[in-house]
Structures are given as C-alpha cells and as structure tokens.
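Here is a short note for a colleague who is new to this model. Please keep the structure open while reading.

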Amino acid sequence: MVQPLRIDGARAWKASGTGSLVAIGNFDGVHAGHRAVLGAASAEAHEKGLAFLVLTFDPHPTVVLGRGRQAVLTPLDRKVELLGAPDPSLRVVVEPFTPELAQMTPRAFAEELLVGHLGAKVVVVGENFRFGHARAGDLPFLVRLGTELGFTARAEELLSDGEGPISSSRIRAAIAARDLACAERLLGRPHALTGVVVKGDGRGRTIQVPTANLSGVEEALPPYGVYAVLVDDVGEDETTRLGTGVLNVGNRPTVSAGFSVEVHLHDFDGDLYGKRLRLHLVQAIREEKKFSSLDELVVQIRRDIETAREATRRRAPPKGPRGGWY
C-alpha cells in the first residue's frame with residue numbers, strides 16, 4: 001500500500017528495511033533555495049535506495065514557545081503540495097510540535113524520532129540547524145550522534161544569488177516592499193494568497209464591478225493597494241484555473257468599509273461563495289488611496305481593471321485544459 005504524501009507524525013511512518021534520508025526544516029515558501037537542496041537530497045536517496053522523507057513541524061516552534069507567529073509564505077497544505085510535486089516518492093512527515101517535544105533532549109530527538117520512528121540513515125539540515133530542549137543540539141553534535149546511532153548528517157549550503165542566500169525572510173521583505181518581481185524570482189513562482197469566499201456588503205455589484213471577498217488568508221499580505229492576479233479554484237481533489245483579475249487589499253477608505261481582501265475576476269459571471277480561491281500576485285498596480293467621491297473611485301477602478309488585464313495578458317496559462325496556474 002502506497003502511503004499518502006502527508007504523514008501525520010513520525011510514529012505513523014511505516015519504516016522500510018532500507019532506511020530513510022530525512023531532510024529537516026520549515027521550508028516556508030518552498031522557494032528556489034529549498035528546491036535545490038531537496039533536489040540533491042532526492043538524487044542521493046534514489047542512488048542509495050533510501051526512502052525520501054521531509055520532516056517539518058506544525059505549528060511552528062516559535063508559536064508553542066510563545067515567541068509569536070509571523071505570516072507564512074505557504075500554509076501547511078500548500079507547503080506539503082509543493083514539497084511533493086518534484087518527486088512522487090517523497091513523503092512529508094508533519095510532526096506536531098508540542099510542549100513535550102520541546103522538552104525532548106537532542107539525544108532523545110535523534111534516537112527516538114530520527115532513528116526509532118523514521119529509520120534515518122542520512123539526515124540533511126540547514127547550516128544553522130538547532131534541535132532539542134533549549135536548542136542545545138547543533139550540527140557537530142548531530143554528526144557525533146549519527147556516528148554513534150548509525151546515520152550520517154550534513155548541512156546543505158543555501159542557494160545564493162548576487163544579493164546573498166535565498167531565504168524566506170528575503171522573500172517576505174520583497175513582498176513588504178511591493179517588489180513582486182523579486183519575490184517571484186526567489187520563489188520560482190508568484191507569491192499567492194488563499195482564502196474562502198464569503199459574503200461581503202455587495203457594494204461592488206452596485207457599480208458593476210462584483211468582487212469575491214476572501215476570509216482566512218494566512219499568507220503574508222503585500223502593502224495595502226491594488227494588484228493584478230491569476231486566480232485558481234482550489235477544490236478538495238483538484239485545482240483549476242478560473243482566470244485573471246484585479247485584487248484589492250486594504251481598508252477601502254473612500255467608502256469607510258473596513259479591511260478586506262477582495263478580487264474582481266475578468267469576464268467571469270458565477271457564484272463563488274464557499275469556494276477556496278488562490279490568488280497569484282503578478283504585478284503591483286497602485287497603493288491604497290482615498291478618493292474624493294465614489295464616482296472618482298469607480299473611474300480609477302476601471303483603469304485598474306485595464307492595467308490588470310494588460311499585466312496578466314502576458315502570462316501564458318499552463319499546458320492542458322485543467323490544473324492551477326502554479
């Protein structure tokens with residue numbers, strides 16, 4: 001029986017007799033640097049006949065340890081999907097990060113989790129990897145434990161460009177600076193926002209620009225303003241392209257309507273309530289602005305729609321009649 005892509009907890013993994021290569025990390029964004037590391041790990045796992053596992057944690061350790069939560073680039077379900085896309089044999093082990101796990105010593109982490117449950121023969125980590133209670137374990141200690149327990153451990157150097165290592169923090173900074181082209185280059189795809197369509201106040205329809213209001217967006221938001229987007233319908237079993245559109249993120253100051261993440265789809269007429277949409281941000285159009293009248297706002301919205309049409313027209317859809325944009 002083939003195990004699912006996502007394995008909920010190390011104890012649920014059915015270890016093979018040949019053992020596993022385990023890559024450990026948060027992998028937020030599954031960006032170009034992550035994919036380079038995972039590509040090399042995949043090749044090694046296949047060469048050595050090892051199961052290829054990614055070990056990640058949910059919720060993020062900083063949440064459990066009371067250090068707060070920062071907006072993610074990829075929610076867990078999307079992260080698992082992206083991790084598994086390049087190599088069908090990869091399995092993502094999502095270990096619940098609990099106060100009990102936080103108290104585990106580095107030796108117990110290696111003995112029980114890595115070797116006992118996951119059957120690790122090779123362990124791949126980031127250069128600054130720390131593990132165990134109070135982050136007491138580091139890479140040299142992991143290497144020594146591996147020698148004792150029967151696995152090899154190493155750190156992979158992060159992929160770099162002209163400005164330094166590619167990292168999730170750099171991507172967040174690019175999004176915060178409205179530099180979507182930089183974020184896309186580092187991610188290898190546009191940054192996306194995902195949420196469920198809920199009922200709004202209906203104001204958009206009264207001005208012939210209906211919008212879908214998204215609730216529950218977990219990803220890092222760009223600065224308030226207007227953006228050209230590619231739109232997917234994320235179903236339980238498959239993702240399909242809906243088309244292109246224009247996104248507004250902000251407080252809608254002209255009409256004092258409060259915060260929203262809302263998208264107008266070009267040339268679309270249908271019921272989207274309850275659907276889960278993914279909006280891929282491809283171009284910033286303008287910053288949020290308060291207009292002197294509703295008529296002035298409507299004129300600007302029409303301009304925004306045309307700008308978004310032009311920005312998205314240059315994006316060729318993926319091959320095939322179905323499937324998401326990215």
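The points below cover charged side chains, helix packing and one loop glycine.

1. Start with the source of the coordinates. This is a predicted model.

2. Look at arginine 91. It sits in strand E4, which spans residues 91-96. Arginine 91 is buried yet has no salt bridge. The nearest side chain of opposite charge is aspartate 87, 7.1 Å away.

3. What does the side chain of arginine 91 reach? Another is the backbone oxygen of proline 4, at 3.3 Å.

4. Strand E4 also holds glutamate 95. The side chain of glutamate 95 meets that of arginine 11 in a salt bridge, at 4.0 Å from N to O. The pair links distant parts of the chain, 84 residues apart: glutamate 95 lies in strand E4, and arginine 11 in the loop between strand E1 (6-8) and strand E2 (20-24). Buried or exposed? Glutamate 95 has 6% relative accessibility, so it counts as buried. Arginine 11 is exposed, at 56%.

5. How many salt bridges does the structure hold? The count is 23. One of them joins glutamate 163 and arginine 170, at 3.4 Å from N to O. Glutamate 163 is exposed, at 62% relative accessibility. Arginine 170 is buried, at 17%. Elsewhere, salt bridges that share partners join Glu44, Lys48, Arg154 and Glu156 into one network.

6. Aspartate 138 forms a salt bridge with arginine 130, and their closest N and O atoms are 4.0 Å apart. Aspartate 138 is partly exposed, at 25% relative accessibility. Arginine 130 is partly exposed too, at 35%.

7. Now the helices. H7 (residues 168-176) packs against H8 (residues 180-187) at about 155°, with axes 7 Å apart. Angles over 145 degrees count as roughly antiparallel, so H7 and H8 are roughly antiparallel to each other. Their crossing is left-handed.

8. H5 (residues 106-117) and H6 (residues 139-149) pack at about 55°, with axes 11 Å apart. That makes H5 oblique to H6. The crossing of H5 and H6 is right-handed.

9. Last, glycine 274. It lies in the loop between strand E13 (260-265) and strand E14 (276-287). Glycine 274 is exposed, with a relative accessible area of 56%. Its C-alpha atom is 9.5 Å from that of leucine 214, a residue 60 positions away along the chain.

Key
Residues are numbered from 1 along each chain as its sequence is written. This is a predicted model: local features need pLDDT of at least 70, side-chain atom pairs count only at pLDDT 80 or more; totals for chains, interfaces and linings use all residues. Side-chain values use heavy atoms; hydrogens and water are left out. Helices (H or I, at least four residues) and strands (E, at least two) are DSSP runs, numbered from the N terminus. Buried means under 20% relative accessible area, exposed over 50%, partly exposed in between (1.4 Å probe, protein chains only). Lys and Arg count as positive and Asp and Glu as negative; His and the chain ends are not counted. A polar contact is a pair of N or O atoms within 3.5 Å; within protein, one must be able to donate a hydrogen and the other to accept it, and residues adjacent in sequence count only if both atoms are side-chain atoms. Axes are lines fitted to C-alpha atoms, for helices over the stretch in contact, and angles run from 0 to 180 degrees between N-to-C directions. Angles under 35 degrees count as roughly parallel, over 145 as roughly antiparallel, 65 to 115 as roughly perpendicular and the rest as oblique. A crossing is left-handed if the near helix is turned anticlockwise from the far one by less than a right angle, and right-handed if clockwise.
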